[in-house]
2 protein chains.
Amino acid sequence: MKIVLDAMGGDNAPAVEVEGAIQAVEEYGHDLILVGDEGRIKKELEKHGFSSDKITLKHASEVIEMHDPAALSVRRKRDSSIVVGMDLIKKDQADAFVSAGNTGAVVCAATISLRLLPGIERPGIAIVIPTLNGTSMIIDVGANISTKPMHLLQYGIMADAYSRYLLGKTNPSVGLLSVGEEESKGTEFVKEAHTLLSESKLNFAGNIEGRDVYSGKVDIILCDGFVGNVILKISESVADTIMQLLKREIKADFLATIGAVLSSSAFHELKRKMDYSEHGGALLLGVDGRCIISHGSSTPKAIKNAIRVAAEFVKQDVNKHIIEELESY
Amino acid sequence: MKIVLDAMGGDNAPAVEVEGAIQAVEEYGHDLILVGDEGRIKKELEKHGFSSDKITLKHASEVIEMHDPAALSVRRKRDSSIVVGMDLIKKDQADAFVSAGNTGAVVCAATISLRLLPGIERPGIAIVIPTLNGTSMIIDVGANISTKPMHLLQYGIMADAYSRYLLGKTNPSVGLLSVGEEESKGTEFVKEAHTLLSESKLNFAGNIEGRDVYSGKVDIILCDGFVGNVILKISESVADTIMQLLKREIKADFLATIGAVLSSSAFHELKRKMDYSEHGGALLLGVDGRCIISHGSSTPKAIKNAIRVAAEFVKQDVNKHIIEELESY
């Protein structure tokens, strides 16, 4: 098995990517292809005194920046790490692609190069989130903002396969995000999706509300890409805001400062659990290949985790299970 | 000035409502009309040994429950506290209405009884949220899920007036919630709203993302009622989840337990700041009257704060400013 890592993707590329790649090789022994500026990647590898044939390089002279328009840059920057890396998957020279780069560009390059799985009309990005009961999945968090009810059913089928084969859940429950639990609540879009999901073979639990997302009420949460993207970004922001406000309160209070030092291990542990990069980044589901999209601000550990998840994605052959399930419809 | 309080609204009505009403009378001296089951309200007043002509009662034999369908129950339960209370506003026997009851029913009763302000096509619910810089407003958090771009402009104009005259902000900035800052990002709905807002007299700051909501980047955040409702409920849920997970981590660690006791005052202060009922509940904007909708789980203090905000709403004559602004378009 070979995994392609976009070495130029994240905010601190290629340093973070190279360090994460080395950690993944040392911990899991995977074969990696690092795509990007060969000279800069080599320098980073030398810094760590790393030399092993487990990591090979593939030069790409261009980089798609975070704020580049997705579709346009994929078309124009043909020698960018994202386009070159995706091409390796297309030509079956590698099994999975990991990038902490421009999400839109990865979605676009994957859709163009790899094409969609038979029966899938739009790709979706899924993330695994921590809840009070363990973990749940949300799909879609932003691959597709022109969502149709049928896309939500397809997302549900894909997330169901992923939850079974990669997260080890038996009969995962599926919730549809709306503004009330009753079937009658929600937009026309939500009501149509409700009907499709009710008639499906999924373990459909009906509508759920925003407050149920982090309670772990269901294993899979379905929503359109606009709402999902807002949820993803606002969740990070609420958590950050709480932590920052708490720090201010603690600083203003002498006893609390001592208390905070004593409880700092608990804070760190919480931060680790809340950090979704710990769970291996976001999964691009629906393309005929395996793509993991990590956060732009990923740490080396997050990159390592993304590589681990990519390898499991390959081993468990999730896409085969998705296709089988889709064929039964 | 007279304020109507729905005494049967919240999860612990009428006990919480009566206690909140007494606090409001004692602190602000407002005249209140409590609407609901006269016998039960009297009993609660007696419990507190309260007797003053500042609180008068208006009997209503029915209650619209939290899960009653909004439009249907407003039509059928003509003697419910919400319908009877709203009628007092309609007949100019009182100046503002406060309820911790069924949000949909309050919106529906207000729209039918009070009608909309001239130039407003749909009412919107606004909440004041704590941010790193102070406070911001989000509108709409769920009054209207069939939102049109023009409604967002109307929400912007109403929230602008509210921010100026009640929150004391000069030239409040307005952000449009989308999936990216660039004008080109978002659904067709968002793009059309962007155009309308750009051409308006509002201090429009362009698109903002989910991560900007709690950073205080803008004073007013515009979104459709579906997205706003999800944001509201998920924000509460993230905050709760963080606190619960933190408690678990702290319990698992002896030093952290001592630390947590020492820093508990900081936690309480944070909780107070995060609690949006502290800021006086949600405002129903766009109806020809003043309505405040409190959380179903409101404390007496939250009810008291809602009464305070209702009184300010009347004093500052926000609706007059909204009408003037709308006329200039």
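Where is Pro14(B) found in chain B? Pro14(B) sits in the loop between strand 1 (2-6) and helix 1 (15-28) of chain B; helices (H or I, at least four residues) and strands (E, at least two) are DSSP runs, numbered from the N terminus. The peptide bond that leads from Ala13(B) into Pro14(B) is cis, with omega near -5°. In chain A, the bond from Ala13(A) to Pro14(A) is cis as well, again with omega near -5°, and Pro14(A) lies in the loop between strand 1 and helix 1 (15-28) of chain A. As a rule, most peptide bonds are trans.

A word on the model itself. This is a predicted model, in which local features need pLDDT of at least 70, side-chain atom pairs count only at pLDDT 80 or more, and totals for chains, interfaces and linings use all residues. Residues are numbered from 1 along each chain as its sequence is written, while chains are lettered from A and ligands numbered from 1 in the order in which they are written. Chain A averages a pLDDT of 92, and 97% of the residues score at least 70; pLDDT is the predictor's confidence in each residue, from 0 to 100. For the complex, the predictor gives an ipTM of 0.89 and a pTM of 0.91.

Next, how the two chains go together.

In the interface, 47 residues of chain A are in contact with 47 residues of chain B, contact being C-beta atoms, placed from the backbone, within 7 Å. Helix 8 (225-251), helix 9 (254-262) and helix 10 (264-274) of chain A each supply at least two residues to the side that touches chain B. Helix 8 of chain A gives the most, with 20 residues. By class, this side of chain A has 27 nonpolar, 12 polar and 8 charged residues; here Ala, Val, Leu, Ile, Met, Phe, Trp, Tyr, Cys and Pro count as nonpolar, Asp, Glu, Lys and Arg as charged, and the others, Gly among them, as polar. The copies meet through the same surface, because 100% of the interface residues of chain A are also interface residues in chain B.

Within chain A, there is a division into domain 1 (1-115 + 286-311) and domain 2 (121-285), with bounds that come from an automatic or database domain assignment. The C-alpha centres of domain 1 and domain 2 of chain A lie 26 Å apart. Their contact takes 19 residues from domain 1 of chain A and 15 residues from domain 2 of chain A. On the domain 1 side, helix 5 (103-114), strand 11 (291-293) and helix 11 (300-315) of chain A each give two or more residues. That side has 10 nonpolar, 8 polar and 1 charged residues.

A residue is buried if 20 or more other C-beta atoms lie within 10 Å of its own, exposed if 12 or fewer, and partly exposed in between, with C-beta atoms placed from the backbone. Leaving out residues up to four places away in sequence, Leu284(B) touches Val106(B), Val107(B), Ala110(B), Pro123(B), Ile125(B), Ala143(B), Cys291(B) and Ile293(B).

Helix 4 (residues 81-90) of chain A is largely enclosed by the rest of the structure, because 8 of its 10 residues are buried. Among the elements covering these buried residues are strand 2 (31-36), strand 3 (55-59) and helix 3 (70-76) of chain A. Helix 4 of chain A is followed by Asp92(A), in the loop between helix 4 and strand 4 of chain A. Phi of Asp92(A) is near 60°, a positive value in a residue other than glycine. With 9 other C-beta atoms within 10 Å, Asp92(A) is exposed.

Terms used. Two residues are in contact if their C-beta atoms, placed from the backbone, lie within 7 Å.
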